[in-house]
Amino acid sequence: MTATSETSARKFGYSEKVMDHFKNPRNIGVLEDADVTAKVGSVACGDLIKLYLKFDPDHDQIKDIRFESYGCAANIATSSMMTEMVKGKTIDDARKVTFKEIAEQLGGLPRIKLHCAVLSRQGLEAAFLKYEAKRGRVKIDESFVNKVLRGVLDPVEGVDVISAKIVESVAVEQGKRVIMQLSAKAGSELAKSLTDDIHDAFEGLDIELNLKFKD
Amino acid sequence: MSQPLVPEPQTQKLVYLDNAQTTRLDPAVLDVMKQFMMENYGVPGGEFGYRLEEEAREAVEQARETIARRINASPQEIIFTSGGTESNNIAIFGAANSNYYKAKRFVTSKIEHTSVLRIIDKLSRQGFQKTLLDVDQQGFVNTADLKAAIEDVRMVSVQHANQEIGTLQDVAAIGEICRNNGILFHCDAVQSFAKEKIDVQSAKFDLVSISSHLIHGPKGVGALYVREGVKLQSPLEGDDRERGLRPGTPNVAGIVGFAKAVELMTHEHALRMSGLRDELIGALLTISDSRLNGPTGERRLCNNANISFGAVEGEAILMHLDLRGLVVNTGSACYSQKLEPSHVIRALGGTLEESHGSIRLSLSKWTTKEELAYAAETVKEVVDKLRELSPLRRKVPAQR
């Protein structure tokens, strides 16, 4: 492709490939019989995806994957590309796909939109973790909870709630009761948004969530 | 593979509804400007000058008169600048630099144009104080808040019309409070100038910033009204042009074009736009889970519509609209270079979801009924399509 035609294909700093996946996203919608779902991101950030995955249990292979998006063009395009890249792969192979490769496959992303590729990759990891927990292969402990929380964003900073130090402590009792201490003030807009997002992140797991906010 | 979310767009004329960002030049404006670039290309001389200088001087002074008349000012109270941002800088820094004024505080609202907010923020780091007034849900400054905050105030800077949600502040009341308390009143009227009535005699303005490119004039030219007796010390150094407040070679063609654009923007245009605006708002509000940002009727800028749509994100709407030849703007964080949601929508007290899904459509004097019908239909189609994709969509009916 010549430089001129590429320039004319670019809109808003997006490559032709991004525009293609934005206009015609692959694998969109709901999988009614999904084995696992994962919702990562935040409404408050304007950047959220929900993934639906169906596995071949004998080979841990992704039989089908769908997504829903509340977000910008890059959010839609990266989710679409990610689902294409991992569909049919085993969990082990799909885990080797990096967010950089997703961005590369899209012909690159504007720097400030790279986080969208990161989010789609986090969504995938959250789905795998939940699947493994459901199959009883990983224990629901503090480390598991922390990993799932990597997909929940601080709406103010746009980074995950662990890095943003919003989640101050996590305790798990009998692999079932999850108690979290959060730095947000009870009753605040932030607390409301976090409550929604954290419940969404753990949706489908057989656990009890107990979120504690500051007075 | 799933079905394409949207069909490929049909080739069509652009429907441009981002006239609060900038407007297309009026061809009649271009005609008069050409003359002052190609034939009469001199710069204004002083009291004496050779012919080219004389011609330029006359043209600039005539333009000054045209613009002064439009706001009921005297010609010598108008200084030409390079646009709204420069006018705001000269007005506010000019008051801060002046030894004539002693008070230390600058008061403004939370929904001002970025230039005003950043200038006053900078002053607050240079030994001045600042007060940022809250606005109500429709974007209005509460004059009682202003009255409560007038201690040691040098200047109040409150805009006439808001750039995003079109709120028209009660500038007469604000001016009254300022005048009664010996406070300078600066008003950024860039969005409203020549569209809404501004009378510097009946409302008590001291400084008013205006601009050319939002009324089909050229970019890179604006003006500042400086009331007789207001003593500014310009942040710019150079020659004595424009009373020393805006030194440097004036943009003669731009100034002439600015005045022509003012002449060509009439009250009838404003009336027509406000009628069309109301039809557009009505049509957009028939879309489910939608909400108007800003006031209605006469307290709203005649060419502004701003709607928030739940469960969808503004940048995605904007891009789908662009693919269909419709140009609008959004307060979404994702569309801003800093990934920050609109400070204006946030100041109204709405949710972040409302700011991410806000779309601004702004009309020009040429906008037609047909274009707006296309816009309303296309926005609905795109919002519906994106909601099909949104994980939030199932929450919508339950919540509202």
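Select strand E3 (residues 105-109) and strand E4 (129-133) of chain B: E3(B) and E4(B) run parallel and pair over 5 bridges (strands pair if DSSP finds at least two bridges between them). Helices (H or I, at least four residues) and strands (E, at least two) are DSSP runs, numbered from the N terminus. Within this pair, B:Val107 is opposite B:Thr131 of E4(B).

The model is a predicted one, in which local features need pLDDT of at least 70 and side-chain atom pairs count only at pLDDT 80 or more, while totals for chains, interfaces and linings use all residues. Residues are numbered from 1 along each chain as its sequence is written, and chains are lettered from A and ligands numbered from 1 in the order in which they are written.

Next, show the whole sheet of chain B. It is open, with 7 strands in the order E2-E8-E7-E6-E5-E3-E4 and mixed pairing. Strand E2 (78-81) and E4(B) are at the edges with a single partner strand each, so one side of each has no neighbour in the sheet. From one strand to the next, the twist averages 20°.

Finally, bring in chain A. Here 24 residues of chain B are in contact with 26 residues of chain A (contact: C-beta atoms, placed from the backbone, within 7 Å). On the chain B side, helix H9 (314-323) and helix H11 (352-356) are the elements giving two or more residues, and H9(B) gives the most, with 5 residues.

Technical notes
Two residues are in contact if their C-beta atoms, placed from the backbone, lie within 7 Å. Axes are lines fitted to C-alpha atoms, for helices over the stretch in contact, and angles run from 0 to 180 degrees between N-to-C directions.
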